Amino acid sequence: GLSLDGAPSIAPALAMYSWKSVVSFLISYCVGTMTIMSLTAGIVGEGSMRLGQAVNNPDFPRKLSFLSSLIAILIGIYYIMF
């Protein structure tokens, strides 16, 4: 949330002339971001649950979560080292 890679997406706030328009833009941006992130998390969660049922493995979502977390940690270590 505080990384600079998101700065271009809120750059339109710099071109606005009134504080009211800047605040409404930033609030709308935050609400939109949270809504889409929640929707995406729900879709991924529901998809992994249904996939676990389809392969008849109730432990599948836990294993998938572990694997994706491990991949995220490895990517983080890679970015720190290089």
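Predicted model: local features only at pLDDT ≥ 70, side-chain atom pairs only at ≥ 80, totals over all residues.
Close-up 1. Tyr 78 is partly exposed, at 47% relative accessibility. Tyr 79 is exposed, at 62%.

**Close-up 2. Tyr 78 also pairs with Phe 82.** Here the distance is 5.0 Å from centre to centre. The planes stand at 45° to each other, and the pair is tilted. Phe 82 is exposed, with a relative accessible area of 73%. Ring pairs join Tyr 78, Tyr 79 and Phe 82 into a cluster.

**Close-up 3. A salt bridge links Glu 46 and Arg 50.** The structure holds two salt bridges, and this is one of them. The closest N and O atoms are 2.9 Å apart. Both residues belong to helix 2, which covers residues 19-54. Glu 46 and Arg 50 are four residues apart there, so about one helical turn separates them. Glu 46 is partly exposed, with a relative accessible area of 41%. Arg 50 is exposed, at 56%.

**Close-up 4. A salt bridge joins the side chains of Asp 59 and Arg 62.** The N to O distance is 2.9 Å. Asp 59 is partly exposed, at 27% relative accessibility. Arg 62 has a relative accessibility of 55%. That value is over 50%, so Arg 62 counts as exposed.

Definitions and conventions. Residues numbered from 1 in each chain as written. Heavy atoms only, no water. Salt bridge = Lys/Arg side-chain N within 4 Å of Asp/Glu carboxyl O. Helix = DSSP H or I, 4+ residues; strand = E, 2+ residues; numbered from the N terminus. Buried < 20%, exposed > 50% of the residue type's maximum accessible area, 1.4 Å probe, protein only. Phe/Tyr/Trp six-rings, centres within 6.5 Å; stacked < 30°, edge-to-face > 60°.
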